[in-house]
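Here are a few exercises to work through with the model open. Try each task before reading its solution.

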Amino acid sequence: MKRVLFGLLAVTAVAFGANPGGSVPTTTGTSGSVGVPLEVRVTVLPKGPQLVLVDENNVLIQKLSFDHGNMVAGLSTESTLEKEVRLMRADGAAFATNNSDTYTAKFEATDLNGNDIGSNGKVLVLNGHGAASSEKIDSILTFRTGNIPVAAADKMVTTKVQSTVPALSDTQASGLYVGSGTFKATLTMN
């Protein structure tokens, strides 16, 4: 059984490339290669009057994710990432179908416990994992808050969403920190 598994792993590495790969050539006429699997995907959804949250390219947002990468305790400065979020109809048409209805839009974020997160000084707590399992880091989320007037001819309501992780002290435990919740938009007819 072990031989079969090792054989499959070897075939997979050859078929799909391996990273790291070969060594840097040291003699004329020799070469080294490295490769990784490549895949391109797209899922097409039907257009219609459903509300959707999309990015600046009008691509449906599956998960609003901010990856601050690898920060070094005591060395890395504050990290701020920004993304644009648009509330639209899935067909790109104006919200009102009769040119007279008006609406109010509102963007909100909550953590997994349902606690409000927003520009009012609340934070999304990032919980440590592994060696940092008892540690926490606060990420400050800012975005457009309050009731936003939406005219009949409007086709989208836009906000910039920022996640800011402060500079870390040199005593911050190393490990992965993750915080989760929900970002939502509500459209209400006036």
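**Exercise 1.** Find the residues nearest the centre of the second largest pocket, then describe its lining.

*Solution.* Start at the centre: V52, V54, N58, L60 and A90 lie nearest, out of 13 lining residues. (A pocket is an open set of 1 Å grid points where a 1.4 Å probe fits, with protein on both sides within 12 Å along at least five of seven lines; lining residues have an atom within 4 Å of a point.) Next, the strands: β1 (51–54) and β2 (79–89) supply at least two residues each. Sort by class and you get eight nonpolar, three polar and two charged residues. The space comes to about 270 Å³.

A word on the ground rules: this is a predicted model, where local features need pLDDT of at least 70, side-chain atom pairs need 80 or more, and totals for chains, interfaces and linings use all residues. Numbering runs from 1 along each chain as its sequence is written, and side-chain values use heavy atoms, without hydrogens or water.

**Exercise 2.** Now do the largest pocket: what is its volume?

*Solution.* The volume is about 1,000 Å³. Its lining takes in 39 residues, with F66, L126, Y177, V178 and G179 nearest the centre. Elements giving two or more residues include β3 (103–111), β6 (136–142) and β8.

**Exercise 3.** Is S163 buried or exposed?

*Solution.* First place S163: strand β8, residues 156–165. At 4% relative accessible area, S163 is buried (under 20%, using a 1.4 Å probe and protein chains only). Finally, its side chain makes a polar contact with the side chain of H68 at 2.9 Å.

Conventions. Helix = DSSP H or I, 4+ residues; strand = E, 2+ residues; numbered from the N terminus. Buried < 20%, exposed > 50% of the residue type's maximum accessible area, 1.4 Å probe, protein only. Polar contact = N/O pair within 3.5 Å; in protein donor to acceptor, adjacent residues only side chain to side chain. Points joined across faces, edges and corners; volume = space filled by probe spheres on them. Nonpolar A, V, L, I, M, F, W, Y, C, P; charged D, E, K, R; others polar.
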